[in-house]
Amino acid sequence: MPRYHRLGNLPHKHHTQFRKPDGGLYTEQLFSTRGFSGPMSTLYHIHQPTEVGGWEDRGAINLSYLGDEPLRHRHLKTARLKPCGDAVSGRVLLMGNQDVTWSQAHIAEQMETYYKNAEGDECLFIHNGSGKLESLFGTISFHPGDYLVIPRGTIYKLVFDVLPVKMIALVSFGPIEIPKRYRNEYGQLLEHAPYTERDIRGPESLETHEAREATSVLIRARNRLTLYHYPYHPLDVVGWDGYVFPFAFSIHDFSPITGKLHMPPPIHQTFQGNGFVVCSFCPRMLDYHPDAIAIPYNHSNVDSDEVLYYVNDKYGARKGIEEGSITLHPLGIPHGPQPGAVEASLGATRTEELAVMVDTFHPFKLAAGSTGIEDPEYWKSWLTS
Ligand SMILES: [Fe+2]
């Protein structure tokens, strides 16, 4: 989606004979995420990607939410989540709606099988780990602070250097894209955008598995998991090109836009989805008007829920949060700095905050995974006496 990319060997023209060293034909696959009119890539396989040895039903995915509760600000402490599972099975659904779900993972194990989410684009935020994303499109190294954006249908596995690792897993039922206002009519990132193409790291190498080694892939589709058994390794691509591929973008490569007076949240926008945005709050110089109040003013998010994940605990406008906290400020009531925060911020010239924000335009509903980690006293942090 961000640009044209290619790896490996390709025939000169689409849909022509492309032969292996032994004279046989490679198998072409068009990989599209929106019919024949959206972004596409074309891949060349050693084996037939349609050949399947068998499958096992792994059951329905539980996307149920808690009933509506009285309106209030919420605070979840994800540090209370114990390490468990792998980068897929260890995801704890915290909240979601018809557009996007937010799961938190404190990953304890390496993935044994490959995974394919066929019904949602994924945006994984790696809080504190490093490793490799191995995918159909090649390998990407990742580090703390990386967003990994993985288009639906991509077969992949995360291989971590050291465990446990903390990760946010957003699953979007629409596409996850670079905001339109950052791009020109050709898709190129404009000069005012807070990052450029150089910051987007597509697959850097292509490892082609030639042998017919039996390999399993856990496929998520139709709100169900099915374990597919292939008599060959599905990462058997010798070359591909196009606009669909996973990529990494580091929150540390986001170049914050600053101003004389306080800038509104959209300047922190990093990605857009259907019904939500993802923003990055990064270390930066603060507002430079001599009388500036450099932390957010109270605001009524009347048509969106605002969820913030604090990558560190240095968020000037908020009291009582810790590394790994999530605050949910729901639509319908204003929120802003707690008492004393404005006065405490006066004269500050710089912030070291690091946070990921998701604003949703349909209300986020909490899931059962949130119940054991909530700080029920959070709403009292705005009391003045
Ligand atoms: Fe806000």
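Student: Which residue of S16 is the bridge partner of Ala221?
Tutor: Arg224 is the partner of Ala221. Strands here are DSSP runs of E, at least two residues long, numbered from the N terminus. The model is predicted: local features need pLDDT of at least 70, side-chain atom pairs count only at pLDDT 80 or more, and totals for chains, interfaces and linings use all residues. Residues are numbered from 1 along each chain as its sequence is written, and side-chain values use heavy atoms, with hydrogens and water left out.

Student: What makes S15 and S16 a pair?
Tutor: Two strands pair if DSSP finds at least two bridges between them. S15 (residues 215–221) and S16 share 7 bridges, so they pair, in the antiparallel sense. They form a hairpin with 2 residues between them. In its turn, Arg222 has a positive phi of about 55°.

Student: How many bridges join S4 to S16?
Tutor: There are 5, between S4 (residues 54–60) and S16 (residues 224–230), and the strands run antiparallel. Ala60 has Arg224 as its bridge partner in S16.

Student: Which residues are the protein donors of the iron ion, and what makes them donors?
Tutor: Donors are N, O and S atoms within 2.8 Å of the metal (3.2 Å for Na, K and Ca). His299 (NE2), Glu306 (OE) and His335 (NE2) lie 2.0 to 2.2 Å from the iron ion, so they qualify. Water is not among the atoms, so sites may look incomplete. The sequence spacing of the donor residues is H-x6-E-x28-H.

Student: Is Glu306 called buried or exposed, and why?
Tutor: Buried means under 20% relative accessible area, exposed over 50%, partly exposed in between (1.4 Å probe, protein chains only). Glu306 has 6%, so it is buried. His299 has 23%, so it counts as partly exposed.

Student: How many aromatic pairs does the structure hold?
Tutor: It holds 22. Rings of Phe, Tyr and Trp (its six-membered ring) pair if their centres lie within 6.5 Å; planes under 30 degrees apart count as stacked, over 60 as edge-to-face and the rest as tilted. Take Phe281 and Tyr315: their centres are 6.2 Å apart and their planes at 75°, so this pair is edge-to-face.

Student: Which parts does the pair of Phe281 and Tyr315 tie together?
Tutor: Phe281 lies in strand S20 (residues 276–281), and Tyr315 in the loop between S22 (305–310) and S23 (325–329), so the pair ties parts that are 34 residues apart in sequence. Phe281 is buried at 6% relative accessible area. Tyr315 is buried at 8%.

Key. Helix = DSSP H or I, 4+ residues; strand = E, 2+ residues; numbered from the N terminus.
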